[in-house]
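Hi,

Here's the structure I said I'd pass along.

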Amino acid sequence: MCWTKEIAALARQHNDANVVSIPARFTAIEQAVEIVKTFIETQFEGGRHTNRVNKISCA
């Protein structure tokens, strides 16, 4: 769940997330657009995060 664009970026960078969930009751439309834009434009960092992501995908 991403309620700021910074959290959306971290979800992509550190977890290679492919789904974003935005709490509608607590997020303005303009903020939601920024969250989605950030989520789509952010790339997975890999490196030290790769081992964790691989563990999740093997489960």
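**Thr38 and the helix pair**

Let's start with Thr38, which sits in helix H2. Keep in mind that this is a predicted model. Is Thr38 buried or exposed? Its relative accessible area is 18%, and the cut-off for buried is under 20%, so Thr38 counts as buried. If you skip the neighbours within four places in sequence, Thr38 is in contact with Lys5 and Ala9.

Those contacts lead on to the helix packing. Helix H1 covers residues 5-15 and helix H2 covers residues 29-41. Their axes come within 8 Å of each other and cross at roughly 20 degrees. Angles under 35 degrees count as roughly parallel, so that is how H1 runs relative to H2. The crossing of H1 past H2 is right-handed.

Which residues meet there? From H1 you have Lys5, Ala8, Ala9, Ala11 and Arg12, and on the H2 side they meet Glu34, Ile35, Thr38 and Phe39. Sorted by class, this contact has 5 nonpolar, 1 polar and 3 charged residues.

One more thing, about charges. Side chains of opposite charge can pair when their charged atoms come close. The count here is 1 salt bridge, and Arg12 forms it with Asp16. The closest N and O atoms of that pair are 3.4 Å apart. Arg12 is buried, at a relative accessible area of 13%, whereas Asp16 is partly exposed, at 33%. Arg12 also turns up among the H1 residues that meet H2.

Cheers

Terms used
Residues numbered from 1 in each chain as written. Predicted model: local features only at pLDDT ≥ 70, side-chain atom pairs only at ≥ 80, totals over all residues. Heavy atoms only, no water. Salt bridge = Lys/Arg side-chain N within 4 Å of Asp/Glu carboxyl O. Buried < 20%, exposed > 50% of the residue type's maximum accessible area, 1.4 Å probe, protein only. Axes fitted to C-alpha atoms, helices over the stretch in contact; angles between N-to-C directions. Helix = DSSP H or I, 4+ residues; strand = E, 2+ residues; numbered from the N terminus. Parallel < 35°, antiparallel > 145°, perpendicular 65-115°, else oblique. Left-handed = near helix turned anticlockwise from the far one by under 90°. Contact = heavy atoms within 4.5 Å. Nonpolar A, V, L, I, M, F, W, Y, C, P; charged D, E, K, R; others polar.
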